[in-house]
Amino acid sequence: MSTDRTSRTSTSTTTTTVRSADGTPIACSTWGSGDPIVIIDGATAHRATTPENAATAELLADEFLVVNYDRRGRGQSGDTAPYAPERELEDLAAVIDQVAGGSPATTVFAWSSGGNLALNAAQAGVRVARLALFEPNAVVDDDRPPLPADYVARLDDAVAAGRPGDAVALFLTAAVGLPPDMVAEVRQDPETWSALEAVAPTIAYDGRQVGDAMSGRPLRPDLWDRVDVPVLVMHGTGTWPFLASAARAISAHLPTATLRPVPGEDHTTTPEVLAAELRAFAGQPSHPQTPHEQPRHEQLRLEER
């Protein structure tokens with residue numbers, strides 16, 4: 001029986017837990033079979049808050065093994081102190097090894113600051129065939145204010161002082177760019193605000209993954225200079241202008257990148273659009289990698305940032 005690739009069908013979902021290098025449990029959902037596509041969420045998001053990931057996976061499950069995992073500290077995944085950016089690179093490596101069978105054909109798709117994480121992982125030597133990124137984070141000019149230099153420190157201080165709501169508010173104003181009055185409105189929704197407070201400790205994790213990419217200065221020449229796999233950088237045609245600028249800057253910075261405007265707005269797109277783009281991209285050949293070019297996971301180039 002053929003499958004209509006433009007409509008959603010009910011597909012069996014499997015849940016599992018893998019152990020990262022430091023022993024942290026990482027919870028995953030999988031759909032389908034075939035070459036793997038691993039989905040990484042952006043700041044504050046996880047499986048329970050991004051149903052579009054499951055909808056996209058169902059559209060791709062006829063041809064691909066799709067994996068979506070909760071990043072550490074969110075959803076059903078654990079967390080182990082102290083945090084370092086390298087731990088999340090190890091988490092991705094564990095998911096690829098233990099759920100995707102270490103497949104060299106793995107495509108990683110990432111939303112927002114998850115795209116920065118994906119680029120950091122490829123830079124460090126996590127073996128992937130290609131990266132697809134939707135509106136990864138960068139501020140390289142005066143299109144919008146850069147992240148404050150003390151952004152991560154202020155997030156850490158707020159969480160340590162028992163003020164997770166202040167960390168959420170800082171994220172929404174300084175990183176997302178919402179005006180304070182809009183943040184005040186969000187804060188009046190108890191369900192939404194409590195869900196954001198629950199993952200507030202992880203907001204600084206994304207701040208560390210983004211690093212100086214939102215400094216307002218051009219991207220450093222050595223940033224992601226070892227990423228040699230195909231990279232698809234997407235942005236919504238109706239998205240906020242600074243997010244489109246970020247996608248253009250990152251695409252221009254990476255020699256192997258292709259910029260792809262797609263239908264979408266407000267920092268997202270539809271499962272139908274995303275699935276079609278991922279199906280086409282994941283079916284393309286990737287650059288062959290030698291062990292020298294791309295070390296095994298146990299030999300990750302884990303650098304202090």
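This short talk covers the nonpolar cores, the salt bridges and the aromatic pairs of the structure above.

Good morning, colleagues. Please bear in mind that we are looking at a predicted model.

I begin with the interior. In soluble globular proteins, nonpolar side chains tend to be buried together. Here, the largest nonpolar core has 66 residues, and the members that touch the most others are Leu92, Val95, Val108, Leu131 and Tyr151. The element that gives the most to this core is helix α5, residues 164-176, with 9 residues.

Let us take Leu131 as an example. Which residues does Leu131 contact, once its neighbours within four places in sequence are left aside? Among them are Val108, Ala118, Leu119 and Ala122, then a group comprising Val227, Val229, Pro230, Val231 and Leu232, and also Phe281.

I turn now to charged side chains. How many salt bridges does a search of the whole structure find? The search finds 17.

In the salt bridge between Arg47 and Asp70, the closest N and O atoms are 3.0 Å apart. Arg47 belongs to the loop between β3 (35-40) and α1 (51-60), while Asp70 belongs to the loop between β4 (64-69) and α2 (85-98), so this pair ties together parts that are 23 residues apart in sequence. Both Arg47 and Asp70 are buried.

Arg279 and Asp62 also meet through their side chains in a salt bridge, at 3.0 Å from N to O. This pair links distant parts of the chain, with Arg279 in helix α10 (residues 271-282) and Asp62 in the loop between α1 and β4, 217 residues apart.

Arg220 is partly exposed, with a relative accessible area of 34%, and Asp222 is partly exposed at 44%. There is also a network of salt bridges, which links Asp22, Arg72, Asp79 and Asp91.

My last topic is the aromatic side chains. A pair of aromatic rings is described by the distance of the centres and the angle of the planes. The structure holds 4 aromatic pairs. Why is the pair of Tyr83 and Tyr205 called stacked? The ring centres of Tyr83 and Tyr205 are 3.7 Å apart and their planes lie at 0 degrees, so the pair falls in the stacked class. Tyr83 is in the loop between β4 and α2 and Tyr205 is in helix α8 (residues 200-210), which places the partners 122 residues apart. Tyr83 counts as buried at 16% relative accessibility, and Tyr205 counts as buried at 10%.

Trp111 and Phe134 have ring centres 5.3 Å apart and planes at 70 degrees, so this pair is edge-to-face. Trp111 sits in strand β5 (residues 107-111) and Phe134 in strand β6 (residues 130-134), 23 residues apart. Trp111 is buried, with a relative accessible area of 7%, and Phe134 is buried at 0%. Ring pairs join Phe109, Trp111 and Phe134 into a cluster.

Finally, a charge and a ring: Arg144 lies over the face of Phe242, at 4.9 Å from the ring centre. Thank you for your attention.

Terms used
Residues are numbered from 1 along each chain as its sequence is written. This is a predicted model: local features need pLDDT of at least 70, side-chain atom pairs count only at pLDDT 80 or more; totals for chains, interfaces and linings use all residues. Side-chain values use heavy atoms; hydrogens and water are left out. A nonpolar core is a set of buried Ala, Val, Leu, Ile, Met, Phe, Trp, Tyr and Cys residues joined through side-chain atoms within 4.5 Å. Buried means under 20% relative accessible area, exposed over 50%, partly exposed in between (1.4 Å probe, protein chains only). Helices (H or I, at least four residues) and strands (E, at least two) are DSSP runs, numbered from the N terminus. Contact means heavy atoms within 4.5 Å. A salt bridge is a side-chain nitrogen of Lys or Arg within 4 Å of a carboxyl oxygen of Asp or Glu. Rings of Phe, Tyr and Trp (its six-membered ring) pair if their centres lie within 6.5 Å; planes under 30 degrees apart count as stacked, over 60 as edge-to-face and the rest as tilted. A charge sits over a ring if NZ of Lys or CZ of Arg is within 6 Å of the ring centre and within 35 degrees of the ring normal.
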